[in-house]
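Subject: Structure handover

Hello,

Please find the structure below, with the findings after it.

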Amino acid sequence: MRIGPMATTALGWHLHGEKRRARTLAALASSPFDRVRMAAAATRCTLDELEERISELAAIGVTAEIVLLRAEDGIDDAGAAARYVTEVVPRLAAHGNVWWSLSDDPAALPGLSEHDWVALARLVAEEDPGHHPLSITTGPDDPLVWRHGFTHGSVIAPRPRDAWVRTRDHHRPVLMDMCGYEGDADDPWRSLPPEEVVTSAWDGAIRRRYVTHGEAYADDEGLTWSRDGGTLTGEAVPRLALLRHVFAGTPDEATYRDRDAPMLELPGEFYLEFCGEHRFPQREYEVPEGRYEVEVIDTWEMTVTPGGVREGPTVTVDLPGTVGQAVRLRRCP
């Protein structure tokens, strides 16, 4: 299974010089990320340049999620927005590694109404013969999340559980474009410790609310990864690589089960529970009779510790009593 996919934000990496762009591509190539959110940047980037950058991403197996409309680009009415969409989308739609985001902050464009955004979503679909994924970033309670024309929801919320609770009754896929960045900025959304970023990523993945990564540490040039690309320096990234590895072995058919800790399960075959901030001394699982391989995953220390083979229908797993533990049960042949 491909996790969600696993995305990061580097909105303006492509607007910099060749050396910084090369560092960004090298960082992405060695990272767990297979999608990067980047701005179309209407006034600062030509379509030729965008196509070159998208091709460079394709060469390393990364999808470009193009944020089409942002307030800083000066497109603030429906007519100008429609003209820009009809210029950009047909040109870039020829690339297989493209997603669309109409906007990462529609509230910053007050000249566009909900009706306008829906009309623009229809226009993107009309101009894109490949029918690439399309979203718009909103809060989980915003009705735009569910309007016709968008293929999935893209939401902002402080925690994955918030997004899950508010969207669980809908059947459209939901991704979390932001629940905070690792960093040390003045903005509380961009100054999270890496432990919290890793916890949110695991919690979101288990709930099928995959969290987009962000980093807001300023480098020697005063630039940050999530705005300018460059080099990934945060402590979360290698731990997200473990998350991606674990989910590569998770059955597609596994479904979310809501209990005191979030769990994915394929009853009788597979169970993956994330204990998160809870320091449980042990966990008990009621499963169909059979033999199950047990593993305890420390999501921060990046260890997978075998727990032997246990017999159902009750499997008890001892835990170290520290935060960030996950438990995986897999039925033995």
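To begin with the helix pairs, helix 2 passes helix 3 in a right-handed crossing. The model is a predicted one. The two helices, helix 2 and helix 3, pack at an angle of about 35°, and their axes are 11 Å apart. On the helix 2 side the contact is made by Leu 47, Asp 48, Leu 50, Glu 51 and Ile 54, and on the helix 3 side by Glu 87, Val 88, Arg 91 and Leu 92. Sorted by class, the contact of helix 2 with helix 3 holds five nonpolar, no polar and four charged residues.

Helix 3 (residues 78–92) also packs with helix 4 (residues 114–127), at an angle of about 20° and with axes 9 Å apart. Angles under 35 degrees count as roughly parallel, and helix 3 and helix 4 are therefore roughly parallel to each other. Their crossing, helix 3 past helix 4, is right-handed. Helix 3 brings Ala 78, Ala 81, Ala 82, Val 85, Thr 86, Val 89 and Pro 90 to this contact, where they meet Asp 116, Leu 120, Leu 123, Val 124 and Glu 127 of helix 4. By class, that contact of helix 3 with helix 4 consists of nine nonpolar, one polar and two charged residues.

A further pair is helix 6 (residues 194–206) with helix 8 (residues 236–248), whose axes lie 9 Å apart at an angle of about 20°. That angle makes helix 6 roughly parallel to helix 8. Helix 6 passes helix 8 in a right-handed crossing. From helix 6, the residues Pro 194, Val 197, Val 198, Ala 201, Trp 202, Ala 205 and Ile 206 meet Ala 236, Arg 239, Leu 240, Leu 243, Val 246 and Phe 247 in helix 8. What classes of residue make up the contact of helix 6 with helix 8? There are twelve nonpolar residues, no polar ones and one charged.

Two cavities of 30 Å³ or more were counted, and the largest cavity has a volume of about 100 Å³. Its lining has 15 residues, and those closest to the centre of the largest cavity are Val 197, Ala 201, Val 211, Thr 212 and His 213. Helix 6 gives the most to the lining of the largest cavity, four residues. Nine nonpolar, five polar and one charged residues make up the lining of the largest cavity.

The largest pocket contains about 600 Å³ of space. It is lined by 29 residues, with Thr 199, Asp 203, Phe 274, Gly 276 and Glu 277 nearest the centre of the largest pocket. Helix 5 (160–167) and helix 6 are the elements that give two or more residues to the lining of the largest pocket. The largest share of that lining, six residues, comes from helix 6. By class, the lining of the largest pocket has ten nonpolar, seven polar and twelve charged residues.

The second largest pocket has a volume of about 460 Å³. Of its 21 lining residues, Leu 11, Arg 70, Asp 104, Tyr 181 and Arg 190 are the closest to the centre of the second largest pocket. Strand 8 (174–178), strand 10 (215–216) and helix 7 (225–228) each supply at least two residues of this lining. The lining of the second largest pocket divides into eight nonpolar, four polar and nine charged residues.

Two points of the backbone remain. Most residues other than glycine have a negative phi, and most peptide bonds are trans. Ala 41 is not a glycine, yet has a positive phi of about 55°. Ala 41 sits in the loop between strand 2 (35–39) and helix 2 (47–59). Where is the cis peptide bond with an omega of about 15°? That bond joins Gly 312 and Pro 313. Pro 313 is in the loop between strand 16 (303–311) and strand 17 (314–318).

Regards

How values were computed
Residues numbered from 1 in each chain as written. Predicted model: local features only at pLDDT ≥ 70, side-chain atom pairs only at ≥ 80, totals over all residues. Heavy atoms only, no water. Axes fitted to C-alpha atoms, helices over the stretch in contact; angles between N-to-C directions. Parallel < 35°, antiparallel > 145°, perpendicular 65-115°, else oblique. Left-handed = near helix turned anticlockwise from the far one by under 90°. Contact = heavy atoms within 4.5 Å. Nonpolar A, V, L, I, M, F, W, Y, C, P; charged D, E, K, R; others polar. 1 Å grid on protein atoms, 1.4 Å probe; cavity = no way out; pocket = protein on both sides within 12 Å on 5 of 7 lines; lining within 4 Å. Points joined across faces, edges and corners; volume = space filled by probe spheres on them.
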